[in-house]
Amino acid sequence: MKNKAYVNKHDCVACGSCVRVCPMSAIVVDGIAANINCEKCVGCGRCAKECPASVIQLKEG
Amino acid sequence: MKKRWYDYLWIATLAYLILGFVNILFAWLGLLCFLIPIVISIVKGNKAYCNKYCGRGQMFNLIGGRFGLSRKKDIPKWMKSKWFQYGFLIFFFAMFFQMLWVTYLVFSGARELKQIVTLIWTFKVPWEWAYYGDFLHSGVSQFAFGFYSVMLTATILGLITMILFKPRSWCVYCPMGTMTHTICKIKNRNK
Ligand code: SF4
Ligand code: SF4
Ligand code: SF4
């Protein structure tokens, strides 16, 4: 199984850093939290590395 | 990712910081960085300012990310705790109102204009080179010095946490971010 990125929306500060680094354009920030499209996500982990609030985790999906 | 016009707003932020060295009155433009996010959060109920239009955040992304001036370490837990975010927000605005009070005193003539920029609320830096006399009133210049102090302080703290932690660590405790976050939450509650 492949890894997928998930956001803890409660603590996301909606800075959009993850959106900028995602090679698959899988992330949008709507409202006040990031939203990851797990169809598009390839689990590369770049978003998690960039997230200043450390609210993205890779889980098996 | 396709670049959009607003991906270049970091240039405006950089220009703002430089203009403050040239003529302090440009500091007034910084009010936009206070008003626009608040208006967006009240009208739209989202933090589009943070993830699209904030030049300060983009600047940190650029310097810390592209230029690699960041250790890319997780910020300490306490720094992303609610008490720190709100504590810093309260402290920041207390200092902000203190600055407005000094401006008021200069406007009313009870105090003389001081041509200094105060960094991190502590260090007083002589800044008279960016001062060419008063426009309308010495209070107008006083506000400019005070406001530029706030903006430069935010930049310095942001740069420090950018280097120590991740590029946009500032955004975790940025008072504007915390405030718009709260406004959005209140606004979206009644949906
Ligand atoms: S893990 Fe990679 S592909 Fe998935 S959302 Fe994050 S950056 Fe995009
Ligand atoms: S980088 Fe982290 S805090 Fe910023 S929008 Fe993405 S998930 Fe949220
Ligand atoms: S949190 Fe502050 S610095 Fe970061 S994007 Fe929002 S307004 Fe800009």
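Analyst: R20(A) is partly exposed, its relative accessible area being 24% (buried means under 20%, exposed over 50% and partly exposed in between, with a 1.4 Å probe and protein chains only). The model is predicted: local features need pLDDT of at least 70, side-chain atom pairs count only at pLDDT 80 or more, and totals for chains, interfaces and linings use all residues, while side-chain values rest on heavy atoms, without hydrogens or water. Residues are numbered from 1 along each chain as its sequence is written, chains are lettered from A and ligands numbered from 1 in the order in which they are written.

Over all chains there are 2 salt bridges (a side-chain nitrogen of Lys or Arg within 4 Å of a carboxyl oxygen of Asp or Glu). R20(A) takes part in one of them, with D7(B) as its partner and 3.6 Å between the closest N and O atoms. This pair crosses between chains: R20(A) belongs to helix 1 (residues 17-21) of chain A, and D7(B) to the segment before helix 1 of chain B (helices are DSSP runs of H or I with at least four residues, strands are runs of E with at least two, and both are numbered from the N terminus). D7(B) has a relative accessible area of 8%, so it is classed as buried, whereas R20(A) is partly exposed.

The salt bridge between D74(B) and K166(B) has an N to O distance of 3.0 Å. It joins distant parts of the chain, 92 residues apart: D74(B) is in the loop between helix 4 and helix 5 (82-107) of chain B, and K166(B) is in the loop between helix 6 and helix 7 of chain B. K166(B) counts as buried because its relative accessibility is 3%.

The loop between helix 4 and helix 5 of chain B also contains K72(B). The phi of K72(B) is positive, about 55°, although the residue is not a glycine. Most residues other than glycine have a negative phi. K72(B) is partly exposed at 38%. A14(A) likewise has a positive phi of about 55° without being a glycine. A14(A) is placed in the loop between strand 1 (3-7) and helix 1 of chain A, and at 1% relative accessibility it is buried.

A14(A) also belongs to the shell of ligand 2, whose residues include C12(A), C15(A), C18(A) and C51(A) (a residue is near a molecule if one of its heavy atoms lies within 4 Å of it). That shell has 10 nonpolar, 2 polar and no charged residues (Ala, Val, Leu, Ile, Met, Phe, Trp, Tyr, Cys and Pro are nonpolar, Asp, Glu, Lys and Arg charged, the others, Gly among them, polar). Around ligand 1, the residues include C22(A), C41(A), C44(A) and C47(A), and its shell likewise divides into 10 nonpolar, 2 polar and no charged.

At 25% relative accessibility, L31(B) is partly exposed.
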